[in-house]
Amino acid sequence: MRTNSTPERRLIFLLNVAQRRLQRFLAGGTQKGGVTAAQSGLLFVLGKRDGVLMGEAGAALDLGMPGISGLVERTVEAGLVEKRADPDDGRAWRLWLTPAGRRALARAKAGVAELNARLMRGFSESEIDVVARWLRHVQREFPKGDEE
């Protein structure tokens, strides 16, 4: 019988190592495609709903206003996104994909499909369902801003 202290169950350690390795892998891919993982995330949000409010994009990416502001500015500078004032609220901004952003989104979708296939290699659909359920559970147990 396994206990929570066995090496296979050091979940915090395993999750941190996996996250760091994925981040390094994704950062390495940035140099080839020219789009960062964070920028790809923004492109995915806009691919589902072009013209989204900046704050809504931040919420979808689990970013606060400073984080989404910086990401948007870098993505605008890269020519992938256009930022326009909301016609109903001059203080709010809406985000739109540019033609270059649409091309980058298509490349990002292909890259994510390959990465997801690699991550799921060797696991059954039911095992992947359990992993996905556990990761959603972690998000619920430790909501954004939870300082406990």
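Colleague: Why is Leu 11 called partly exposed?

Modeller: Leu 11 has 41% relative accessibility. Buried means under 20% relative accessible area and exposed means over 50%, with partly exposed in between (1.4 Å probe, protein chains only), so at 41% Leu 11 counts as partly exposed. This is a predicted model, where local features need pLDDT of at least 70, side-chain atom pairs count only at pLDDT 80 or more, and totals for chains, interfaces and linings use all residues. Residues are numbered from 1 along each chain as its sequence is written, and side-chain values use heavy atoms, leaving out hydrogens and water.

Colleague: Where is Leu 11 found?

Modeller: In helix α1. Helices here are DSSP runs of H or I with at least four residues, strands are E runs of at least two, and both are numbered from the N terminus.

Colleague: What makes up the sheet, and in which order?

Modeller: It's an open sheet of 3 strands, ordered β1-β3-β2, with antiparallel pairing. Because β1 (52-53) and β2 (81-85) each have a single partner strand, they stand at the edges, and one side of each lacks a neighbour in the sheet.

Colleague: How do you know that β2 and β3 pair?

Modeller: Two strands pair if DSSP finds at least two bridges between them. β2 and β3 (residues 93-97) have 5 bridges, in the antiparallel sense, so they pair by that rule. Glu 82, for instance, has Trp 96 in β3 as its bridge partner.
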